[in-house]
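Open the model in your viewer and keep the selection panel at hand. This tour goes stop by stop, saying what to select and what is there.

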Amino acid sequence: MPELPEVEALAAFLRENAVGRVVTRVDLAAVQAIKTFDPPLSALAGLELTGVSRHGKFLDLDVSGLHLVVHLARAGWLHWRKDLPTAPPKPGKGPLALRVHLEPREGELPEGFDLTEQGTRKRLAVYVVRSPAEVPGIARLGPDALTLDTEQLGVLLAGRHTQLKGTLTDQTVLAGIGNAYSDEILHAAKLSPFKMADKVTDDELLRLHAAVRETLTGALDRQLGQRAATLKGEKRAGLQVHARTGLPCPVCGDTVREVSFADTSLQYCPTCQTGGKPLADRRMSKLLR
Ligand SMILES: [Zn+2]
């Protein structure tokens, strides 16, 4: 799932390659992806893309005052294309959700980008609004994880009797962190994903804040300047525990373990994060019984 560093890197890529150019056409291939109807998608045609920004994990394309807002969800991605077909796509076929055509540069082929989504559970969401705050998911966002200082993080955690894993990924508490980077941040901070937010000590808060900053800026630095198509691979390369169940922890060599939930899972290192004790995993204990 694209999180803050991936979306920020996509925004930077689009600022460099798409801002200042006119949107000539927008093709909708997955009807369920569009969540608004006024203004219509067609209102974007003929307008210049004037800026690109990010709100949490939302990408916000400012098209001369109208905003094309995108949430890539779990399996969505943005592909920059230099060979954009001019024929309209067949709706409902394959991973394509939305295609944005930009005015070609002089003497060049039509360029633009595709928003795609793999899998059968379609969650990618697109909005056309006059202000990004009209998107409910943006209106509810907590402060951005990238700009937060230690004191602000302390205030967010204080009095919150919820596990750190769930707290860090709750977009209304803190914007931008999802399943992968929360695993990475908790590993870097040497904290259990199940520790309660209101039980974090001053020392742990310092470690957690440093881990939030370093994990996100490190991932962002690795991805900036990459082509949009290759950003995703780079995310995997930088991970220490997330999606590495059964592999050795790069810090201590212990085996990375997993806790599974209904439709997601978390990964952690027992030695680094939980005093060597494996966390209870209902699915695993059921299998072992
Ligand atoms: Zn470890």
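**Whole chain**

Keep in mind throughout that this is a predicted model. Start with everything shown as cartoon. The protein has 9 helices and 10 strands. Its radius of gyration is 20 Å, close to the 19 Å that the globule rule gives for 289 residues, so the protein is as compact as a globular protein of that length. Turn the model along its principal axes: the C-alpha atoms fill a box of roughly 60 × 40 × 30 Å. Now colour by accessibility. Of the 289 residues, 49% count as buried.

**The largest pocket**

Show the surface next. Select Met1, Lys57, Arg74, Gly178 and Asn179 to centre the view; these residues lie nearest the centre of the largest pocket. The space in this pocket comes to about 710 Å³. Its lining counts 30 residues.

Which elements give two or more residues to that lining? Select α5 (179-188), α7 (231-237) and β10 (265-268). Of the elements, α7 supplies the largest share, with 3 residues.

Colour the lining by residue class. It divides into 10 nonpolar, 11 polar and 9 charged residues. Then colour by domain, with domain 1 as 4-139 and domain 2 as 150-273. Each of the two domains contributes at least three residues to the lining of the largest pocket.

**Helix α5**

Stay with α5, one of the elements lining the largest pocket. Is this helix mostly covered or mostly open? It is mostly covered, as 8 of its 10 residues are buried. Select Ala180, Tyr181, Ser182, Asp183, Glu184, Ile185, Leu186 and His187 to see the buried residues of α5. Then step past the end of the helix. Lys190 follows α5 and has a positive phi, near 55°.

**The two cavities**

Hide the surface and switch to a cavity view. How many cavities of 30 Å³ or more are there? The count comes to 2.

Take the largest cavity to begin with. Its volume is about 50 Å³. Select its lining: Val23, Val26, Leu44, Leu49, Leu61, Val63, Leu68, Val100, Leu102 and Phe113. By class, this lining has 10 nonpolar residues, no polar and no charged. Strands β1 (23-28), β3 (58-63) and β6 each supply at least two of the lining residues.

Move on to the second largest cavity, with a volume of about 30 Å³. Select Met1, Pro2, Val7, Lys57, His71, Leu72 and Ala73, which line it. Here the classes are 5 nonpolar, 1 polar and 1 charged.

**Salt bridges**

The whole structure holds 13 salt bridges.

Select Glu8 and Arg15. They form a salt bridge, with the closest N and O atoms 3.6 Å apart. Is Glu8 buried or exposed? Glu8 has 16% relative accessibility, and because the cut-off for buried is under 20%, it counts as buried. Arg15 is partly exposed, with a relative accessible area of 37%.

Next, select Asp144 and Arg54. Their side chains meet in a salt bridge, at 2.8 Å from N to O. Asp144 lies in the loop between α2 (136-139) and α3 (150-157), while Arg54 is in strand β2 (residues 49-55), so the pair ties together parts that are 90 residues apart in sequence. Both residues, Asp144 and Arg54, are buried.

Asp114 sits in strand β7 (residues 111-117) and Arg99 in strand β6 (residues 96-102); the pair links distant parts of the chain, 15 residues apart. Asp114 and Arg99 are both buried.

Finish by selecting Glu8, Arg15, Arg54 and Asp144 together. Salt bridges that share partners join these four residues into one network.

Methods. Residues numbered from 1 in each chain as written. Predicted model: local features only at pLDDT ≥ 70, side-chain atom pairs only at ≥ 80, totals over all residues. Heavy atoms only, no water. Buried < 20%, exposed > 50% of the residue type's maximum accessible area, 1.4 Å probe, protein only. Helix = DSSP H or I, 4+ residues; strand = E, 2+ residues; numbered from the N terminus. 1 Å grid on protein atoms, 1.4 Å probe; cavity = no way out; pocket = protein on both sides within 12 Å on 5 of 7 lines; lining within 4 Å. Points joined across faces, edges and corners; volume = space filled by probe spheres on them. Nonpolar A, V, L, I, M, F, W, Y, C, P; charged D, E, K, R; others polar. Domains from an automatic or database assignment. Rg over C-alpha atoms; globule rule 2.2 N^0.38 Å.
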